[in-house]
Amino acid sequence: LIGTFTFFVIFGFTINTLTLFAFILAIGIVVDDAIIVVEAAQHYIDVYHLSPKDAARKAMQDISGPVVAIALILASVFIPVGFIPGIVGKLYQQFAITIAVSVIISAFVALSLTPALCSILLRPKREKKKQSLPGKFFSVFNSRFQKITNSYTRGVALWIRRTPYVLILLAGIFVVLFILFEKKPTGFIPQEDEGSLLITYDMPEATSTQRSFAMLKAIVARVQTIPEVSVVGGLAGFNIIQGSNKSSSGTLWVMLKPWDERKGKGADETSIMQKIREKTADLKEARILPIAPPPVPGLGRTAGFTFELEQTTSTDDIQKFSQVANDFLVELNKRPEIGMAFTFFTANTPSYQVDVDRNKASQLGVEISDAYQTLSTLLGSTYVNQFTIFGRNFKVVTMADSTYRSSISEIGKYYVRNNQGNMIPLSSLITTKVTESPALISHYNVNRSIEINGSAKAGFSSGEAITALKETAAKFLPAGYGYEFSGMTLEEVKAGNKTVLIFAVSLVFVFLFLTALYESWSVPFSVLLAVPIGALGSIITLSLLPNITNNIYAQIGLIALIGLAAKNAILIVEFAKERVDSGVDLIVATIAAVKLRLRPIIMTSLAFIFGVLPLAFATGAAAESRKTIGWTVFGGMIFATSLAIFIVPVLYVFITRFAYGKKKLDELKANYKQEEHKEFGEG
């Protein structure tokens, strides 16, 4: 683990959520190689009564190949996904390379330092007349484990004799796996309790700044009474979701108390948002929306989905466009997958339309540009110049005092100079009327657009919400209108096709490596077919946890399972294949392999499973991400350790018989030298 940090400088990595996830998983992985070496050395000391040094040397002859293979397999799983472009590649990259580097370093340590420590520290077991309490425990444990090993060995022999049923079982696993993955809701990055919230409010259009500020103070007073809230601050006149400056809107930023002070039911971010709704329900004058921030800063302004409704080929005016958006929202909110969908766009902001009578202006000798410039200067502002005084520069900006801009009638006090130098009242040149227009018109990819935000209903995933958006748009949007996604939703849509690519690339790399290792195109399948069994355990676990979606962290866990499931299979297949190639009978070699390798498989798997339990039961910051990856690998390893260790030997025997053929197996057995394999004396 310390060695891996040195590569952070080379790759420019930081200590963040993803790299820490990788380190937590690496804790369970990097000890595997050492466990395998120590277990093999102790086996030779206890069974063959070799000295610790000879036992370590003999163990390294047996397990150097599997240790190197396991390390390279895990590296071949993770390294390719680190080169995938886009945000998905960035999320995978630091996680993948951190684990790959730590595993390679652990393999080097297992091949160098661990054997040396074995020769120094390991000792043969000695029978004592009076054993201590720990000694009694280990004696009972070893006795029971030996019985389990014998039962497991007999079970594998039975499964080999019933290979057709095992193949049917494997086919059933593939079918169930496909069905469960189809039914499991998908997501992208789970929403976390980030310790902060946004609150936006929207009052009737053209509400004065004074009334908006009074509403801001009323909301602050109510939110501060919530026990889990630490600090509340706000800004009247600014809508952070729409990015607009309107006197009728406002935004509040809510800082929650630290996670360790918000324990128990009802103290999470979602519950606090519900409390805010209840506390502000009596403020009928405004629409108040508490909103969670996006899980990745910069990808949108809010959590949930971001939908850009676009006016593509339509020539409708802005009022008609607004009506189309409102009708779409009505239909969208009827969908069971949508918890809330809203927009802050409105085309009904009261305003004045001012027209200059060109004929009157001409008769009175007033230039049209002068009339508009006067209106712009007095109602708005005009930059004049800068002047320097006391060593500082000051801007000169002209505008009418606020008391002369309070109503439209004040225009009667504005004057414009004509071409004869006389001052003409503007009121004699203009006419005004009240109209309705949007305060802000947005464009997305050139097209006029209205942004719609929202979130999925509890029990539904972001992937299901995106599907609901697409289906509603296809059914209810009229001709001339289209849509696009933005923010986090756009990244989720773009990442949808990359998940299959990532799995395919990882499996291909593992397959090619195993092909080179075993010099066979068929034997690697006995290792790779252990992967679906681990994936089945993961998806069953996720299906039993409806609050966790099949998101990017679950997919990272599944990528890790490719290497972890293959690791257990390699321990069996490597040993069996080496003996078969030297002439040992196929069944005898396989049975000996499962009997000898059960203990290191169980030890390494349990080390990893216990190592990820803190992730599965995580609380506080980034808890959802940790739970997702923790439960994914936990369930997968349970199945890879319990079910796969029965199926892999059967597949190895079946595939080897098919690949080698009876003639080649007979030739290998004819060249078999009994003295080179004393461990088969019992067989």
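Which residue takes a positive phi in the hairpin of S2 and S3? Keep that one in mind, everyone, and I'll come back to it when we reach the sheet.

Hi all, and thanks for coming. One thing before we start: what you see on the screen is a predicted model.

Let's begin with the overall picture. The protein has 683 residues, and 48% of them count as buried. It contains 20 helices and 15 strands. What is its radius of gyration, and what would a compact globule of 683 residues have? The protein comes out at 36 Å, while the globule would be near 26 Å. Along the principal axes, the C-alpha atoms fill a box of roughly 125 × 55 × 50 Å. If you look at contacts with a separation of 6 or more, 77% of them join residues 24 or more positions apart.

Four strands make up an open, antiparallel sheet, and their order is S2-S3-S1-S4. Why is one side of S2 and of S4 left without a neighbour? Strand S2, residues 229-239, and strand S4, residues 287-291, stand at the edges with a single partner strand each, so one side of each has no neighbour in the sheet. On average, and ignoring direction, neighbouring strands here are turned by 20° against each other.

Helix H8, residues 269-279, packs on this sheet and touches S1, S2, S3 and S4. The direction of H8 makes about 30° with that of strand S1, which covers 196-202.

Let's walk through the pairings. S2 and strand S3, residues 244-256, pair antiparallel over nine bridges. To find your way on the screen, go to Gly-233: its bridge partner in S3 is Trp-253. S3 also pairs with S1, again in the antiparallel sense, over seven bridges. There, you can look for Ser-196, which stands opposite Met-255 of S3.

And here is the answer to my opening question. The S2 and S3 hairpin has four residues between the strands, and Gly-243 is the residue with the positive phi, near 70°.

Next, the aromatics. The structure holds 24 aromatic pairs. Take Phe-8 and Phe-23: their ring centres are 5.8 Å apart and their planes are at 40°, so this pair is tilted. Phe-8 sits in helix H1, residues 2-11, and Phe-23 in helix H2, residues 17-48, so the pair ties together parts that are 15 residues apart in sequence.

Staying with helices, let's visit H13, residues 487-495. Which of its residues are buried? They are Gly-487, Met-488, Thr-489, Glu-491, Glu-492 and Ala-495. Among the elements covering them are helices H4 (86-121), H12 (462-476) and H14 (498-518), together with strands S5 (305-311) and S15 (481-485).

Ile-73 itself lies in helix H3, residues 52-81. Its relative accessibility is 0%, so Ile-73 counts as buried. What does Ile-73 touch, leaving out residues up to four places away in sequence? The answer is Val-510, Phe-513, Leu-514, Gly-563, Ala-566 and Ile-570.

My last stop is Ser-642, in helix H19, which runs over residues 623-642. With a relative accessible area of 39%, Ser-642 is partly exposed. Pro-600 is 42 residues away from Ser-642 along the chain, and 14 Å separates their C-alpha atoms.

Methods:
Residues are numbered from 1 along each chain as its sequence is written. This is a predicted model: local features need pLDDT of at least 70, side-chain atom pairs count only at pLDDT 80 or more; totals for chains, interfaces and linings use all residues. Side-chain values use heavy atoms; hydrogens and water are left out. Buried means under 20% relative accessible area, exposed over 50%, partly exposed in between (1.4 Å probe, protein chains only). Helices (H or I, at least four residues) and strands (E, at least two) are DSSP runs, numbered from the N terminus. Contact means heavy atoms within 4.5 Å. Two strands pair if DSSP finds at least two bridges between them. Axes are lines fitted to C-alpha atoms, for helices over the stretch in contact, and angles run from 0 to 180 degrees between N-to-C directions. The radius of gyration is taken over C-alpha atoms; the globule rule is 2.2 Å times the number of residues to the power 0.38. Rings of Phe, Tyr and Trp (its six-membered ring) pair if their centres lie within 6.5 Å; planes under 30 degrees apart count as stacked, over 60 as edge-to-face and the rest as tilted.
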